[in-house]
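Please look at the structure shown below. Some questions about the charged side chains will then be taken up in turn.

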Amino acid sequence: MPTVSESLAKLSASMTELSQRAKEAEDHTAAARNESREQLEARVAEARATAQRRREQMKARGAKVTDELASVWASLCAHVQEQFEKIRAKLEEQRDDLDAKVAERRAERAEANAADAVDFASYAIDEAEAAVLEAADARAIADTVHPSTPSQGKE
């Protein structure tokens with residue numbers, strides 16, 4: 001049974017990874033300002049591939065769950081993935097239309113979608129922080145109810 005400190009260390013490392021990933025995304029976004037359309041298309045393909053790998057990892061983790069709460073998380077992830085795919089499909093519909101008005105509307109929708117995705121990510125980070133702190137609290141309660149001592153099992 002992990003201690004509060006061990007549990008928090010693992011969760012803190014996950015939050016650090018999340019922070020680093022957000023910084024990478026910020027750096028890629030800043031670099032995109034000076035890239036050609038071909039470079040942007042390659043970066044989009046890479047970002048989608050990364051998102052797909054993460055989705056597959058989450059799906060695999062979700063397939064292993066038997067706990068009701070974990071099952072709810074797996075269902076939420078599947079629903080979010082489905083919604084992102086619907087949005088992406090809508091944006092792709094008129095991607096290559098060269099009509100200026102259509103292209104402008106598509107760009108505005110894509111920008112609004114990006115802003116919404118960033119807002120959603122911020123919300124998810126807030127939820128992750130709360131979940132980490134709740135986990136620490138739950139571990140502290142568990143340790144209080146069932147304290148483990150170094151001498152247990154050695155007698």
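Predicted model: local features only at pLDDT ≥ 70, side-chain atom pairs only at ≥ 80, totals over all residues.

Q: What makes the contact of Lys23 with Glu26 a salt bridge?
A: A salt bridge requires a side-chain nitrogen of Lys or Arg within 4 Å of a carboxyl oxygen of Asp or Glu. The closest N and O atoms of Lys23 and Glu26 are 3.9 Å apart, so the pair meets this limit. Both residues lie in helix 1 (residues 4-32), three residues apart. Lys23, Glu26 and Asp27 are linked in a network of salt bridges.

Q: Why is Glu134 called exposed?
A: The word applies to a relative accessible area over 50%. Glu134 has 55%, so Glu134 is exposed. Glu134 lies in helix 4 (residues 100-145) and is one of the residues of a negative surface patch, together with Asp126, Glu127, Glu129 and Asp137.

Q: Why does Glu41 count as partly exposed?
A: Partly exposed lies between the buried range, under 20%, and the exposed range, over 50%. Glu41 has a relative accessibility of 33%, so Glu41 falls in between. The side chain of Glu41 meets that of Arg37 in a salt bridge (3.3 Å, N to O).

How values were computed:
Residues numbered from 1 in each chain as written. Heavy atoms only, no water. Patch = residues over 30% accessible without salt bridge, like charges linked within 9 Å, V, L, I, M, F, W, Y side chains within 5 Å. Areas by Shrake-Rupley, 256 points an atom, 1.4 Å probe, with all protein chains shown as cover. Lys, Arg positive; Asp, Glu negative; His and termini not counted. Charge placed at Lys NZ, Arg CZ, Asp CG, Glu CD. Helix = DSSP H or I, 4+ residues; strand = E, 2+ residues; numbered from the N terminus. Buried < 20%, exposed > 50% of the residue type's maximum accessible area, 1.4 Å probe, protein only.
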